[in-house]
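Student: Here is a fold to work through. Shall we take the sheet, then what packs on it?

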Amino acid sequence: GTGLVRGVVARDALRGRLATWNFHFQSASPCRGYTSSADEGDKDDDSTWEELQAAGIPVNPCNSPQHPAALAGVPLAAGEMNKSIQESYDAHSLCFVCGNAHPDGLNLKSFRSEEDSEHPSDLRSVVTVSDNYQGLPGIVSTGILDSLMICHGSWQAGIALMDKAILPRPPLTLTKSFSVQIQNRLPPGTKVEIITRAIDIEDKREPYSVKVTMELREAGGIAGRGGAGGAGDEAEVVVFAAGEAVYQKVGAVRSMW
């Protein structure tokens, strides 16, 4: 009947869009695509960052002192501020959580964490969720907490792959699995931070994947981070949620801009 025909047409259209999307993101890249570190053998990371910079490729657009290029000796841009990961690599994104161009989004901004110099790929973001996203009076919807952690974690996975492969831009990664424990309810208007760490990178064969630990907590203190960092006793802060996710690399670059 008509319903069956419509279903077949919709299915074929979806398959066509997915095939086109996969081809576009896997092949069309303004920079060198992601390759496993095993594919390229031994190399001098410091000299590779310097070679990219010498070729006119902006290797540290966020101007972060924690970027591996900066740690390798590539100088920061004088007089420029440290920019967010989102502004640096996907300035025109309409993502509801982190999109710079979304007029009514959550405005998540992620930066390389400066808490642990041994893990320069760690990310940290600070955000305040307004009253508009209450699930119940005085409680931010759990779905918003999930969204913040998943989105921030996706950037973490991309940055970790980028740093390991010595690339100027992060690849596109999407969530494969996600688990979370809600430890406290979040009141609207509370300034919180999300901290993440890539604890396992599988990049010997496609599909590459990254396991990320994450924590959403009250901003401004140090607490045990459930795998996203070390434990600290300097200040007791409220942890609202902690989780873990696995992301898969599905495209050569996250954004074509």
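Student: In what order do the strands of the open sheet run?

Tutor: This is a predicted model, where local features need pLDDT of at least 70, side-chain atom pairs count only at pLDDT 80 or more, and totals for chains, interfaces and linings use all residues. Residues are numbered from 1 along each chain as its sequence is written, and side-chain values use heavy atoms, without hydrogens and water. Strands are DSSP runs of E, at least two residues, helices runs of H or I, at least four, both numbered from the N terminus; two strands pair if DSSP finds at least two bridges between them. The 6 strands pair antiparallel, in the order β1-β2-β6-β7-β8-β5.

Student: Which are the edge strands?

Tutor: An edge strand pairs on one side only. That holds for β1 (109-112) and β5 (172-182).

Student: How many bridges join β5 to β8?

Tutor: β5 and β8 (residues 239-251) run antiparallel. I182 stands opposite A241 in β8. The number of bridges joining β5 to β8 is 10.

Student: What angle does helix α5 make with β6?

Tutor: Helix α5 (residues 142-165) packs on the sheet, and β1, β2, β5, β6, β7 and β8 are touched. Contact means heavy atoms within 4.5 Å. Axes are lines fitted to C-alpha atoms, for helices over the stretch in contact, and angles run from 0 to 180 degrees between N-to-C directions. The angle between α5 and β6 is about 45°.
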